[in-house]
Amino acid sequence: MRRILLFSLLTVVLVGMGRPQGTVPNQTDAETEKEVLEVERQKDQALRNRDIAVLERIYADDLAFVNGRGQVITKAEHLEEIRAGNVKYLSSDRSDFHVHVYGSTAVLTGRENSGVEYHGKTISSPRQFMTVYVKLDGQWKYVAHQVTPVVEK
């Protein structure tokens, strides 16, 4: 299962390395990074505010979301968890944050220690994350996300 997801993420990155679809010719990686980080900020705010309309706009229809329990869930499943109040994003503290731009694809990696309430239980533990955005039809779309718990030694 993890190999399939890794292969899918690699495919998204490699496809994005071709001719930049929907990006402005000669747009610098710094400009692209700024655009992607703004969409990421909007997404984080929408998660905290449970703003489903904003998330609907940002999330790709075929979103592959791997949560901290290793479950692969769809856009519809993820949005329903938020809509129903089963998942509440309380805070987000990120460090070691990096954006890697490959044409019309951006891969965000880093470490987070976010507070999440899942079915009434508050979870706050360090996690590594990877998020993939692809520019489709002129808009940055959140196409894949995976978090992995960090075990402190």
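This is a predicted model: local features need pLDDT of at least 70, side-chain atom pairs count only at pLDDT 80 or more; totals for chains, interfaces and linings use all residues.
Residues are numbered from 1 along each chain as its sequence is written, and side-chain values use heavy atoms, with hydrogens and water left out.

Let me begin with the overall layout. The protein has 4 helices and 9 strands, and along the sequence these follow the pattern α-α-α-β-β-α-β-β-β-β-β-β-β; helices here are DSSP runs of H or I with at least four residues, strands are runs of E with at least two, and both are numbered from the N terminus. Of the 153 residues, 39% count as buried, and by that I mean under 20% relative accessible area, with exposed being over 50% and partly exposed in between, using a 1.4 Å probe and protein chains only.

Now to the sheet. There are 6 strands in an open sheet of mixed pairing, in the order β2-β1-β9-β8-β5-β4, and two strands are taken to pair if DSSP finds at least two bridges between them. The edges are β2 (72-73) and β4 (94-102), each of which has a single partner strand, so one side of each is left without a neighbour in the sheet. Strands β5 (residues 105-112) and β8 (residues 127-136) run antiparallel and are joined by 8 bridges, and one place to look is Thr109, whose bridge partner in β8 is Met130.

Helix α2 (residues 29-49) packs on this sheet, touching β1 (59-66), β4, β5, β8 and β9 (139-149), and its direction makes about 130° with that of β4. Helix α4 (residues 75-83) also packs on the sheet, where it touches β1 and β2 and makes about 80° with the direction of β1. For these angles, the axes are lines fitted to C-alpha atoms, for helices over the stretch in contact, and the values run from 0 to 180 degrees between N-to-C directions.

With β9 it runs parallel, joined by 4 bridges, and Tyr59 stands opposite Tyr142 in β9. With β2, strand β1 runs antiparallel through 2 bridges, Val66 standing opposite Val72, and these two strands form a hairpin with 5 residues between them, in whose turn Gly70 has a positive phi of about 80°.

Which residues have the most contacts inside the largest nonpolar core? They are Tyr59 and Tyr133, in a core of 26 residues, a core being a set of buried Ala, Val, Leu, Ile, Met, Phe, Trp, Tyr and Cys residues joined through side-chain atoms within 4.5 Å. Leaving aside residues up to four places away in sequence, Tyr59 touches Lys43, Leu47, Lys75, His78, Leu79, Lys141 and Tyr142. Apart from that core lies another, of 6 residues, among them Ala60, Val134, Val143 and Ala144.

Turning to the helices themselves, the buried residues of α2 are Thr32, Val36, Val39, Glu40, Lys43, Asp44, Ala46 and Leu47. Seen down the axis of α2, they fall within an arc of 160°, so they line one face of the helix; the arc is that of the directions from the helix axis to the C-beta atoms. On the other side of α2, Ala30, Lys34 and Asn49 are exposed, and just after the helix Arg50 takes a positive phi of about 55°.

In α4, the buried residues are Lys75, His78, Leu79 and Ile82, which fall within an arc of 95° seen down the axis and so line one face of that helix too. These residues pack against α2, α3 (52-58), β1, β2 and β3 (87-91), and the helix is followed by Gly85, whose phi is positive, near 85°.

Asp96, in strand β4, has a phi near 50° and is exposed, with a relative accessible area of 55%. His119, in the loop between β6 (115-118) and β7, has a positive phi of about 50° and counts as partly exposed at 47% relative accessibility.

Key: Contact means heavy atoms within 4.5 Å.
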